[in-house]
Amino acid sequence: MRRALATTITAAVLLAGCSSAPVRSQGQPLTAVSATAEDRTDRTNRDGTSAPVADPIYPAYGNPALDVLHYDLSLTWSPPTRTLTGTATIKVRAVRAVAQLRLDFSAAYTLRAISVDGAAVPGRIADGDLVVDKAVTAGSTVTLAVGYTGIPTTVAMPSHRRDVEPLGLTVTADGSLWTMQEPYGASTWYPANDQPSDKALYDIAVTVPSGWAAIASGTPGPSDGVTFRYSSAVPVASYLTTLAVGQYTKTELQGPHGLPITLWTRAADGGQRLDNLKALPVYLQWLEERFGPYPFASTGAVLVPSQSAMETQQMMTIGDSVVDGGSGSAGVLVHELAHQWFGDAVGPATWQDVWLNEGWASYAEQLYRAKSDPAAMDRWEQAARDLDAAARDSAGPPGHPRADSFAENNVYVCPALMLRQIHKAIGDERFFALGRAWAASNAGTARTRADFVTFVNRQTGRDFTDLINTWLDSPKTPA
Ligand SMILES: [Zn+2]
């Protein structure tokens with residue numbers, strides 16, 4: 001996610017003395033450190049199996065007793081009535097025996113029909129949950145189908161910041177839809193195990209009036225111009241799904257190796273905004289040279305009326321104001337693309353470790369901004385240390401984010417500086433090899449700080465335990 005303000009050091013700091021020096025050696029393709037078999041297995045498989053855990057920061061969201069394997073969402077949006085009508089068919093595994101099936105779901109909806117394995121069962125929405133009266137034995141998998149209809153409503157962002165926007169499916173004045181939903185809010189448009197450790201596969205079909213378009217996370221499938229389809233064949237965390245409906249125009253590009261890129265813009269987005277998005281292949285090339293092949297079958301961006309930007313999987317949700325400027329959009333777009341490796345392919349098991357997402361994405365963003373002037377990274381580090389000190393003072397250390405202060409500067413700049421220290425200690429070749437091995441060998445999984453420390457130490461042959469823990473835990477900026 002992009003921080004709307006102060007995510008990065010100002011361009012003036014970075015660009016002072018900027019020259020047209022050639023890209024230094026870190027731009028050369030690197031050989032990935034080989035991953036062990038242990039790294040490639042456990043936790044999550046490509047059938048959507050996860051090992052859900054209770055989130056310590058937002059325990060009201062998510063159900064660690066259930067592991068959703070697959071969501072099949074069939075949705076219809078009516079702009080005149082602002083009504084979303086849907087059927088969610090959810091394949092869910094009981095991690096342990098449960099007396100009821102309980103998933104996060106907005107009270108904005110009226111339930112129409114509920115069944116489990118084809119048999120009607122009673123259910124209701126209570127305390128922010130869909131509650132279905134069906135006991136399931138440990139290890140069993142059932143198919144839950146839920147029909148619903150209603151006018152979507154958002155939920156508050158858990159932050160004191162004045163510039164934050166509500167979370168979840170948002171209806172605009174003209175009847176369009178968009179969503180950003182980190183750390184939660186997917187449950188404003190479908191019943192979800194709405195926490196990061198339960199990744200699942202998705203098939204999403206959205207029917208809209210003629211002349212409108214629906215855009216969602218995943219690989220685009222066949223569309224007849226009224227019903228739009230998207231499929232995620234590799235696991236997705238609920239906060240990384242997206243849905244936008246509006247009068248959009250599609251622009252198709254190709255990235256490295258022919259990677260399909262789809263851009264969705266509105267009439268008002270022509271010119272500068274669309275031109276800025278058309279630079280995505282350049283950013284992808286730069287990222288691939290460092291972190292290995294883009295981890296999914298397609299990518300793209302949909303513009304929405306927001307001040308922020310979100311790394312939703314395979315289809316980034318980008319606030320239109322983010323790409324208004326002539327030069328300011330590159331850093332943000334590189335940041336959201338970098339998240340596809342760091343956050344999407346491999347994500348945090350809980351919100352305690354959101355630094356694992358934002359550290360890598362922020363650091364990649366800074367490296368890109370400094371790509372023509374290696375000395376700019378030193379200037380960034382100097383300025384970032386001041387920002388780090390202020391962030392720790394105001395929001396605490398990055399390894400201990402506060403529930404009421406989601407996505408403060410501490411989880412961006414502090415872990416980016418931590419990665420800077422590792423980078424300087426091991427050099428370009430081994431640092432980028434570390435990044436690409438982390439993303440590639442953990443793809444499809446949700447990980448923890450302990451996983452990261454173990455991985456770094458094994459891959460580098462050095463002990464970075466104290467360095468990582470100090471940067472994540474210290475109330476003051478480490479020396
Ligand atoms: Zn981010």
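Strand S1 (residues 66-78) and strand S2 (residues 83-94) run antiparallel and are joined by 12 bridges, where strands count as paired if DSSP finds at least two bridges between them. The two strands form a hairpin with four residues between them, and Arg82 in the turn has a positive phi of about 60 degrees. This is a predicted model, in which local features need pLDDT of at least 70 and side-chain atom pairs count only at pLDDT 80 or more, while totals for chains, interfaces and linings use all residues. Residues are numbered from 1 along each chain as its sequence is written.

**Overall form**
- The protein has 10 helices and 22 strands, these being DSSP runs numbered from the N terminus (helices are H or I with at least four residues, strands are E with at least two).
- A compact globule with 479 residues would have a radius of gyration near 23 Å, and the 22 Å of the protein agrees with this; the radius is taken over C-alpha atoms, and the globule rule is 2.2 Å times the number of residues to the power 0.38.
- The C-alpha trace spans about 65 × 50 × 40 Å along its principal axes.

**The sheet of eight strands**
- S1 and S2 belong to an open sheet of eight strands with mixed pairing, in the order S5-S4-S8-S2-S1-S11-S14-S13.
- At the edges of this sheet are strand S5 (119-120) and strand S13 (219-220), each of which pairs on one side only.
- Within S2, Arg93 is the bridge partner of Asp67, and Arg93 also stands opposite Thr141 in S8.
- Strand S8 (residues 141-150) pairs with S2 in the antiparallel sense over 10 bridges.
- S1 also runs parallel to strand S11 (residues 199-207), to which seven bridges join it, and Leu75 stands opposite Val206 in S11.

**The sheet of five strands**
- A further open sheet, again with mixed pairing, has five strands in the order S16-S17-S18-S20-S19.
- Strand S16 (249-254) and strand S19 (309-310) stand at the edges with a single partner strand each, so one side of each is left without a neighbour in the sheet.
- S16 pairs with strand S17 (residues 260-265) in the antiparallel sense over six bridges, and Thr249 stands opposite Thr265 in S17.
- Helix H4 packs on this sheet, touching S16, S17 and strand S18 (299-304), and its direction makes about 40 degrees with that of S16.

**Helix packing**
- Two packed helices are described by the angle between their axes and the distance between the axes; axes are lines fitted to C-alpha atoms, for helices over the stretch in contact, and angles run from 0 to 180 degrees between N-to-C directions.
- The axes of helix H4 (residues 280-291) and helix H5 (residues 329-341) come within 10 Å and cross at roughly 45 degrees.
- H4 and H5 are therefore oblique to each other, since angles under 35 degrees count as roughly parallel, over 145 as roughly antiparallel, 65 to 115 as roughly perpendicular and the rest as oblique.
- Leu280, Tyr283, Leu284, Leu287 and Phe291 in H4 meet Leu333, Val334, Leu337, Ala338 and Trp341 in H5, a contact being C-beta atoms, placed from the backbone, within 7 Å.
- Helix H8 (residues 410-441) and helix H9 (residues 449-460) pack at an angle of about 110 degrees, with their axes 10 Å apart, which makes H8 roughly perpendicular to H9.
- In this pair, residues of H8 including Ile422, Arg430 and Trp438 meet Phe455, Val456, Gln459 and Thr460 in H9.

Technical notes. Two residues are in contact if their C-beta atoms, placed from the backbone, lie within 7 Å.
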